[in-house]
Each structure stands twice: as structure tokens, then as C-alpha cells.
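Here are my notes on this model, point by point. Please keep the structure open while you read.

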Amino acid sequence: EQGRVRDAAQGGDYLRTIARETQRLARLVNNALDFSRLEQGQKKFSREPLDLGAELARLLDTHSPRLAEAGLTLRRELPATPLAVTTDRDALEQIVLNVLDNACKYAADGGEVTVALSPGGSGAVAEVRVLDRGPGVPPEHRERIFEKFHRVDDTLTAEKSGAGLGLSIARQLARGLGGDLRYVPRAGGGAEFILRLS
């Protein structure tokens, strides 16, 4: 608009920055709105039949450039055959993006993030796992990371922006869908977040 674009390549860079920041702001607004609705018990879910593998593939295609910019190689472990679930598409996307945002903030030094989908057991239809090779979460914080406004109080989070709502909202959304979100240390180092969908 101000006539500063010298060539098409520079224009492309500016447009990518605008798109990335627009997506980030949309996630922040969605988190704030959902936090308010969840706190008031007014969150409504719109469930529909989905092929979970195809939905995750679409989501990862859209957000893989952002992961790459954070220094993360994205690995996918998605089944070749459809895995049908009935769930809320927007809530599912927000849960997965909040966990991926966490990996971008705290696990970029680990160099990789894996999103894996498998049929669930023990009453769950499916499990979505997001695994990274970052520093993991200290034992005393492993359940508290899901509390609203909780942030691990060390240099790891002191330099990272955020209000400490992403994982709290993600777990509340998962439970609102009849599932759950939990954390376990990843074998060999790192973090593993497991989303169970019923």
C-alpha cells in the first residue's frame, strides 16, 4: 500500500508474513473466546462425521510452513485407511494447534515434531499424539501445565510470550468432546501429548 514492494519476491515475503500473523491472531482470538465460553459453561460443540486422518493431513499441510519457520521438521504417522470419528472440527483443530504452538515455543531446539494417529483403545475411537524432542516438562509441573495461566517458571518460559491458556483450553475442549488430553514424557527425551477422542 505504501509502495515499498520492489519486486514480486519481496511482495511474496510480505504476504506470507501477513498470512502468518493473521493466522496467529485468529488463534489468539479463538482461544480468548473459547476460554470465556468454557469458563461460563456456554461452549457449544457442533459434531459432524470426519475422516480424522484426512482432517489432520489438511491441518498439517496448512501449518507446516509455520513449524518449519520455528525450526521443526514435521513427521506424520497417519493411517492409509480412513479413521472415522464424529467430533467438532473447529475444536479438534484448536486442540491440535494449541499443542503444536507449544512445540514451536518450547521444543524447537529438538528439531522435530511428530503427529501420529491411531485407533484408540479402552473406549476411545482414536488417539492423536503430538511428540517432540524438546526439554519436556519437569515432574512437578506435568499436571499443572493444564491449569489456566500456569507457566513453568524458569528461563524456558521467561523468554516466551503467552498467557498460559493454550493447554488449559485444549484439555477443556477435549473433555467437552467426551475425550481427554494428557501429557507423558516421551521415551528418549521430549514431550508427548495424547488426545483421546471418544
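1. Start at a glycine. Just after helix 5, glycine 178 has a positive phi of about 90°. Helices (H or I, at least four residues) and strands (E, at least two) are DSSP runs, numbered from the N terminus. Glycine 188 has a positive phi near 85°, in the hairpin of strand 6 and strand 7, where five residues lie between the strands.

2. A word on the source. This is a predicted model, in which local features need pLDDT of at least 70 and side-chain atom pairs count only at pLDDT 80 or more, while totals for chains, interfaces and linings use all residues. Residues are numbered from 1 along each chain as its sequence is written, and side-chain values use heavy atoms, with hydrogens and water left out.

3. Overall make-up. The chain has five helices and seven strands. Along the sequence the pattern reads α-β-α-β-β-α-β-β-α-α-β-β. The chain has 198 residues, of which 41% count as buried. Buried means under 20% relative accessible area, exposed over 50%, and partly exposed in between (1.4 Å probe, protein chains only). Among contacts with a separation of 6 or more, 68% join residues 24 or more positions apart. Contact means heavy atoms within 4.5 Å.

4. Five strands form an open, mixed sheet in the order 2-4-5-7-6. Strand 2 (73-77) and strand 6 (180-185) are at the edges with a single partner strand each, so one side of each has no neighbour in the sheet. From one strand to the next, the twist averages 15°. Two strands pair if DSSP finds at least two bridges between them.

5. Pairings of strand 7. Strand 5 (residues 126-132) pairs with strand 7 (residues 191-197) in the antiparallel sense, over six bridges. Valine 130 stands opposite phenylalanine 193 of strand 7. Strand 6 and strand 7 also run antiparallel, joined by six bridges. There, arginine 182 has isoleucine 194 in strand 7 as its bridge partner.

6. Helices on the sheet. Helix 3 (residues 89-106) lies across strand 4, strand 5, strand 6 and strand 7, at about 175° to strand 7. Axes are lines fitted to C-alpha atoms, for helices over the stretch in contact, and angles run from 0 to 180 degrees between N-to-C directions.

7. Helix 2 against helix 3. The two pack at an angle of about 40°, with axes 11 Å apart. The residues of helix 2 that meet helix 3 include Leu52, Leu56, Leu59 and Leu60, and those on the helix 3 side include Leu92, Val96, Leu97 and Leu100. By class, this contact has 10 nonpolar, one polar and six charged residues. Ala, Val, Leu, Ile, Met, Phe, Trp, Tyr, Cys and Pro count as nonpolar, Asp, Glu, Lys and Arg as charged, and the others, Gly among them, as polar.

8. Aromatic rings. How many aromatic pairs are there? The count is two. Rings of Phe, Tyr and Trp (its six-membered ring) pair if their centres lie within 6.5 Å; planes under 30 degrees apart count as stacked, over 60 as edge-to-face and the rest as tilted. Phenylalanine 146 and phenylalanine 193 are edge-to-face, at 6.3 Å centre to centre and 80° between the planes. Phenylalanine 146 lies in the loop between strand 5 and helix 4 (155-158) and phenylalanine 193 in strand 7, so the pair ties together parts 47 residues apart in sequence. Both phenylalanines are buried. Phe146, Tyr183 and Phe193 form one aromatic cluster.

9. Valine 115. This residue is in strand 4. Is valine 115 buried or exposed? Valine 115 is buried, at a relative accessible area of 0%. Leaving out residues up to four places away in sequence, valine 115 touches Leu60, Leu74, Leu100, Val128 and Val130, among others. Its C-alpha atom is 8.6 Å from that of leucine 56, 59 residues away along the chain.

10. Back to helix 5. Leucine 173 lies in this helix. Leucine 173 counts as buried, at 0% relative accessibility. Other buried residues of helix 5 (residues 166-176) include Leu167, Ile169 and Ala170. Leucine 173 and lysine 43 are 8.8 Å apart, C-alpha to C-alpha, and 130 residues apart in sequence.
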